[in-house]
Amino acid sequence: MADDAGVGPTLCSEQFGSGAARGCRAAADGSLQWEAGPWRWWRFPGGFAAGPAGRDGGAGGSPGAALPRLSGLKAVFLPQGFPDSVSPDYLPYQLWDSVQAFASSLSGSLATHAVLLGLGVGNAKASVSAATATWLVKDSTGMLGRIVFAWWKGSKLDCNAKQWRLFADILNDIAMFLEIMAPIFPVCFTMTVSTSNLAKCIVSVAGGATRAALTMHQARRNNMADVSAKDGSQETLVNLAGLLVSLVLLPLVSNCASLSLGFFFLLTALHIYANYRAVRALVMETFNESRLQLVLKHFLQKGEVLDPTAANQMEPLWTGFWSSFSLSLGVPLHRVISSVSELQQLVEGHQESYLLHWTQARNRVQVVLSQTAGPESILRAATHGLLLGALQEDQSFPGELEELRSRIRAGPKRESSVVVRETHQVLDKLFPEFLKGLQAAGWQTEKHQLEVDEWRATWLVSPEKKSL
């Protein structure tokens, strides 16, 4: 390739993130001449010449001076290295999350106006002591609720982050509705605002915890702090815009209760819709119980593994909390056995690092984990339990699984321990293929979001696998 007049061959090159690289050549006077690169809008535009000392010079100017305004906004509101430093679902989630935050900010202004009205702001006959007492009762109720909810559900928020995120925002709308209705029933005002604040404190715990789980998912370069900080900046900007709009909106609707309520319902509908779209945009590559169940059923029926995008689109968001099937991982050993013979039944026929107890009549699976059980063993144990649950459902399975289900359903119910041993035999052939398919489809199998308790146990391993 012929060199340009007076310019030597390419000496070096550079690129910003995943952008196109630009080369640098030696000019006739010994200076460095940088090529112009096809930078994207958030990259440095154009090319710049560099002086002998290596500093940018010439007509291009310094990179900092050449940054366009949009690039400056990107640096303020998006994580460094965007989009390569975050997950692919970051941008659609953040856009819908900003829409819901804006709607929630406007709804919150209407609710705050109603609470202050109920407390007697602007009413000369209102008692400061009574307003203070109401405020203290409201706050103390919320503080207690925050502690109780964190104890009750704190360990479950990681497992179903999307469902709890959606639940938190819907509960927040209910809380604001109670605040708007509170002045209409002054006799129940204290109880109403206390209930509302209790709900808001639950929202604070669930929303904050799930936001942390989602930040961990979005951060791809050990940049959780940066992703979280920029999310806070985005939220602050949206809330500021909401406050400015509220200054215009409140004088227009505050004197008409029906108009205020109408605006609130409109904003609530937008808030819930935007939240649903935001949560639905998330593509989690780790398994919780519902995602694993979806992928396993599809694999059993069609022999294919759903990729994370397809499985996340199918994951239930409204009904993910309740199921007729119960799977408990990490249960204490004393809960599932009461005799030596029961222990022998659970141990024999396999050498896995978990013991599985199946209560067929209640469709409940309890799994005791060994001290040596790692993520892959826990994933197999969960797959084993979900397989037993699937065999209880009315759906067709290929080959050996259909025969196994027919034997389970034929005549009087077979002993659960026998069925568990048979499914161990099935999984010995099925699970390696399933695991390989998961990894090929893009699932992260070295970690998971399955709900696992802290109990671990040890036992004498069965000397050999018995053929049934």
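Analyst: The following account begins with the pocket and then turns to salt bridges, cysteines and a surface patch.

The structure is a predicted model, in which local features need pLDDT of at least 70 and side-chain atom pairs count only at pLDDT 80 or more, while totals for chains, interfaces and linings use all residues. Residues are numbered from 1 along each chain as its sequence is written, and side-chain values use heavy atoms, with hydrogens and water left out.

The second largest pocket has a volume of about 680 Å³. Among the 32 residues lining this pocket, Ser104, Asp169, Asn172, Val203 and Glu235 are the closest to its centre. Two or more lining residues come from each of helix 3 (90–119), helix 4 (128–153), helix 5 (161–181), helix 6 (189–218) and helix 7. Helix 3 provides the largest share of the lining, with 12 residues. A pocket here is an open set of points on a 1 Å grid over the protein atoms alone, where a 1.4 Å probe fits and protein lies on both sides within 12 Å along at least five of seven lines; lining residues have an atom within 4 Å of a point. The volume is the space filled by probe spheres set on the points, which are joined across faces, edges and corners. Helices (H or I, at least four residues) and strands (E, at least two) are DSSP runs, numbered from the N terminus.

Because Lys200 belongs to helix 6 and Glu179 to helix 5, the pair ties together parts that are 21 residues apart in sequence. Lys200 is partly exposed at 26% relative accessibility, whereas Glu179 is buried at 7%. Buried means under 20% relative accessible area, exposed over 50%, and partly exposed in between (1.4 Å probe, protein chains only).

The count of salt bridges comes to 16, each being a side-chain nitrogen of Lys or Arg within 4 Å of a carboxyl oxygen of Asp or Glu. One of them joins Glu393 and Lys297 (2.8 Å, N to O). Glu393 lies in the loop between helix 12 (375–391) and helix 13 (399–409) and Lys297 in helix 9 (residues 289–302), so this pair ties together parts 96 residues apart in sequence. Glu393 is partly exposed at 27%, and Lys297 is partly exposed at 21%.

The cysteines can be described briefly. Cys159 is buried, with a relative accessible area of 8%, and Cys201 is buried at 8% relative accessibility. The structure holds 0 disulfides, a disulfide being a pair of cysteine sulfur atoms within 2.5 Å.

Helix 7 (residues 224–253) includes Val248, which counts as exposed at 55% relative accessibility. Val248 forms a nonpolar surface patch with Leu240, Leu243, Leu244, Leu247 and Leu252, and their accessible area together is about 650 Å². Such patches are made of residues with over 30% relative accessible area and no salt bridge, like charges being joined within 9 Å and nonpolar side chains (Val, Leu, Ile, Met, Phe, Trp, Tyr) within 5 Å. Accessible areas come from the Shrake-Rupley method with a 1.4 Å probe, and for residues only the protein chains shown count as cover.
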